[in-house]
Amino acid sequence: MTTSTPLTQDELKALVGQAALQYVVPGEIVGVGTGSTVNKFIDALASMKGDIKGAVSSSVASTERLKALGIPVFDANEVESLSVYIDGADEIDGQGHMVKGGGAALTREKIVAALAGRFVCIADESKLVPALGKFPLPVEVIPMAAAHIARRFAALGGKATIRQKDGQPLVTDNGQHILDVTGLSITDPLAFESDVNQWPGVVTVGVFAHQKASVCLLGTAQGVKTLS
Ligand code: 5RP
């Protein structure tokens, strides 16, 4: 009798990163997200770099990885639209609503997602949740508004903390700070995103409901499951 070892989370990420290649349109520019799952996708994308024009990237980190693999990177202002944007998520529900920003790239991710006709989310199965809200919600904020925004979240039952890196507030690619908010109940992701986006000082809230996933490739013990 043969027994198979369950795939590690890293292997599940590699599986969906590879599977995402089928959504890349030859001859076009592809939108590329940020994170450890997307890194697997970028590595896989290198195998077809001769078939695409290049990529629009959602972070300095992804740009560096793409360029190191010889994939041309275009500025978002150089493209009018993209067929596909491929990115990971910290949480995704059955409707394709996501929480993103664990890698602090949520603002550029939302911008590139807005350019794309299709958002393909790639994630291991631990990211699929019945309802959003367990993962601390990332919110990119203008630093001078952080305390005020934290008080507004407190009024909703949330606890916001400024994300740190090396003992200092983390500074995003856009020069701003990130609040991570726990204790929220996000029952209506669309309304929640619209509401928080309007608070003065909020740059981007990490709920992706208006720019939700069209397709999710989920890495599971049984292989890649496609949710759409
Ligand atoms: C970065 C993101 C990532 O997509 C999200 O954090 C998932 O990352 P990973 O694939 O490393 O689990 O939103 O801002």
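pLDDT is the predictor's confidence in each residue, from 0 to 100. This is a predicted model, in which local features need pLDDT of at least 70, side-chain atom pairs count only at pLDDT 80 or more, and totals for chains, interfaces and linings use all residues. Residues are numbered from 1 along each chain as its sequence is written, and side-chain values use heavy atoms, with hydrogens and water left out. The chain's average pLDDT is 96, and 99% of the residues score at least 70. For the complex, the predictor gives an ipTM of 0.98 and a pTM of 0.94.

**Two helices**
- Let's start with helix H1 (residues 9-19) and helix H2 (residues 36-45), whose axes come within 8 Å and cross at roughly 50°; helices here are DSSP runs of H or I with at least four residues, and strands are E runs of at least two.
- Axes are lines fitted to C-alpha atoms, for helices over the stretch in contact, with angles from 0 to 180 degrees between N-to-C directions.
- H1 meets H2 (contact means heavy atoms within 4.5 Å) through Asp-10, Lys-13, Ala-14, Val-16, Gly-17 and Gln-18, which face Ser-36, Thr-37, Lys-40, Phe-41 and Ala-44 of H2.

- E5-E6-E14 is the order of an open, three-stranded sheet with antiparallel pairing; two strands pair if DSSP finds at least two bridges between them.
- Strands E5 (91-92) and E14 (207-208) are at the edges with a single partner strand each, so one side of each has no neighbour in the sheet.
- E5 and strand E6 (residues 98-99) run antiparallel, joined by two bridges.
- Ile-92 has Met-98 in E6 as its bridge partner.
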